[in-house]
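Here are my notes for a first look at this structure.

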Amino acid sequence: MATMRALLKKTVAIAKPSNSRPYASSIGTYAAATANAVEPPQLPPFDYQPRPYHGPSADEVLAKRKKYLGPSLFYYYQKPLNIVEGKMQYLFDDSGRRYLDAFAGIVTVSCGHCHPQVLNAITEQNKLLQHATTIYLHHAIADFAEALAQKMPGNLKVVYFVNSGSEANELAMMMARLYTGNLGMISLRNAYHGGSSSTIGLTALNTWKYPIPEGEIHHVMNPDPYRGIFGPDAKSYAKDVQDHIDYGTSGRVAGFIAETIQGVGGAVELAPGYLNLVYDIVRKSGGVCIADEVQTGFGRTGSHYWGFETQGVIPDIVTMAKGIGNGLPLGAVVTTPEIASVMNQKIQFNTFGGNPVCSAGGLAVLRVLDQEKRQAHCADVGSHMLERLRSLMQKHEIIGDVRGRGLMVGVELVTDRKEKTPAKSETAVLFEKLRELGVLVGKGGLHGNVFRIKPPMCFTKDDADFVVDAMDYAISKL
């Protein structure tokens, strides 16, 4: 393959449409500048006209960000996009150019950007009462908690509302330690559970971890069917958990936490049957089992409403965020009455958790997902996209693995299928090429060589075909 420098030069040379031109013209420029190329794929039609934008330019916004916001903030693309409007599965930049959002604001927009029912619920509640906290009664938080509890299996019936996934996982970890009287927490290598000073310990990707004390957290082998040393053998990975408890702890633990499909780690679905085996081991060691549903929840996997259901288990605590609010700062912890009772030892309070506006919006999200049958939709569209991506894998050697469920999909790129060498530089080039074609995807995995395709759940088969066709076109140019 060409060197990274040459590839980047080629990307810039053939794919840099002016922001002032309409989308069709920029695609035409792209095609004309590409020698002996087939026509690039076109975005599916979408009957919506964005409003004219008269705000600051991308350069002005970037300059202000650099001056006033923390330097740790990162942005996608060599020339960052100035996104000013969104509608359902599409985003628009400051020139009015339309992009297919195949990453959903980092797996957060579930119903679709600016979904009218969700917007209406938020707007109407804003007119009446924005904030009061739980020291007073208000029906919105109670209605939302009831609706959410009805979505949960078993005795998972007590809800705590917070503002983010990190907060949810932090609260779950505290509950586990208080309830069991033990301190040790177990999470998986390659996991991401947040970036707060406590949850950063549960996270097991060095790119997201600061060198601070983590305290009584153990990371066990990741049951990754593609890269794991035991392949899809769940029993061998589960034995590693038992060995870790036997040799690395007092024999008693507070809890175990896992994503069913690792998000930031690159859409890695755990080996089949793994959680059933590990939950039994952890409970026998005095611990509770926590399912992190921040990305996999609310029907995104298609086959089930909750990711943990794909493994045939019922956790003791479930955490959720992102898709629960369709973009609102909203998260939740759901547990059993028995575990929840330990929080009565002290005052437990969250100023903004479950505020009237977020609760009204969250309840609207649940209703929209049900009314529009988004779980079944994710299963249908997702299976179609996975089938097409697996066919694409037969055509392009650089695709090492295609994995996932529903609309939570990962495409891992490698330079050598046998050695599974991460195609880091090639992924970076393709990432830019996809943007030029009008597709916004995410990147994941420790080496950033996995495309994360996790769009709003209103994403259609035509959208899926466009993503696959764009990927095929872009890879063909390498």
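1. Start with S359, which lies in helix α12, residues 356-371. Keep in mind that this is a predicted model. Is S359 buried or exposed? Its relative accessibility is 1%, so S359 counts as buried. Setting aside neighbours within four places in sequence, S359 is in contact with A140, I141, F144 and G354.

2. Next, look at two backbone angles. Most residues other than glycine have a negative phi. N190 has a positive phi, near 80°, and is not a glycine. N190 sits in the loop between β5 (185-188) and α8 (199-202). With 15% relative accessibility, under the 20% cut-off, N190 counts as buried.

3. E216 also has a positive phi, about 50°, although it is not a glycine. Where is E216 placed? It is in the loop between α8 and β6 (217-220). Its relative accessible area is 44%, so E216 is partly exposed. That value falls between the 20% and 50% limits.

4. Now turn to a strand. I257 is in β7, residues 255-259. I257 is buried, with a relative accessible area of 1%. Which residues does I257 contact, leaving aside neighbours within four places in sequence? They are N169, M185, I186, S187, L188, H193, L202, I290 and D292. I257 can also be placed relative to V288: the two are 31 residues apart in sequence, and their C-alpha atoms are 8.7 Å apart in space.

5. A470 belongs to helix α15, residues 461-476. At 0% relative accessibility, A470 counts as buried. Not counting residues up to four places away in sequence, A470 touches P41, L434, L437 and V439. How far apart are the C-alpha atoms of A470 and E436? The separation is 9.8 Å, for two residues 34 apart along the chain.

6. The aromatic rings deserve a point of their own. The count comes to 19 aromatic pairs. One of them is Y77 with F431, a stacked pair. Its ring centres are 4.8 Å apart, and there are 15° between the planes. This pair links distant parts of the chain, 354 residues apart. Y77 is in the loop between α3 (58-68) and β1 (83-87), while F431 is in helix α14, residues 424-437. Y77 counts as buried at 9% relative accessibility. F431 counts as buried too, at 3%.

7. Another ring pair is W306 with F308. Why does this pair count as stacked? The planes are at 5°, under the 30 degrees that stacking requires, and the ring centres are 6.4 Å apart, within the 6.5 Å limit for pairing. W306 counts as buried at 0% relative accessibility. F308 has 0% as well and counts as buried.

8. Some rings join into a group. Ring pairs link F74, Y76, Y77, F103, Y192, W208, F431 and F451 into a cluster. Y77 and F431, the stacked pair described above, are among its members.

9. Now step back to the whole chain. How many helices and strands are there in the chain? There are 15 helices and 18 strands. Along its principal axes, the C-alpha trace spans about 70 × 60 × 45 Å. The chain has 478 residues, for which a compact globule would have a radius of gyration near 23 Å. The chain has 23 Å, which agrees.

10. Consider burial and contacts together. Of the 478 residues, 57% count as buried. Take the contacts between residues at least 6 apart in sequence: 73% of them join residues at least 24 apart.

11. Last, the surface and the charges. The accessible surface of the chain comes to about 20700 Å². Carbon and sulfur atoms account for 54% of that surface. The chain has 48 positive and 45 negative side chains. How far apart are the centres of the two sets? They lie 4 Å apart.

How values were computed:
Residues are numbered from 1 along each chain as its sequence is written. Side-chain values use heavy atoms; hydrogens and water are left out. Helices (H or I, at least four residues) and strands (E, at least two) are DSSP runs, numbered from the N terminus. The radius of gyration is taken over C-alpha atoms; the globule rule is 2.2 Å times the number of residues to the power 0.38. Buried means under 20% relative accessible area, exposed over 50%, partly exposed in between (1.4 Å probe, protein chains only). Contact means heavy atoms within 4.5 Å. Accessible areas come from the Shrake-Rupley method with a 1.4 Å probe; for residues, only the protein chains shown count as cover. Lys and Arg count as positive and Asp and Glu as negative; His and the chain ends are not counted. The place of a charge is taken as NZ of Lys, CZ of Arg, CG of Asp or CD of Glu. Rings of Phe, Tyr and Trp (its six-membered ring) pair if their centres lie within 6.5 Å; planes under 30 degrees apart count as stacked, over 60 as edge-to-face and the rest as tilted.
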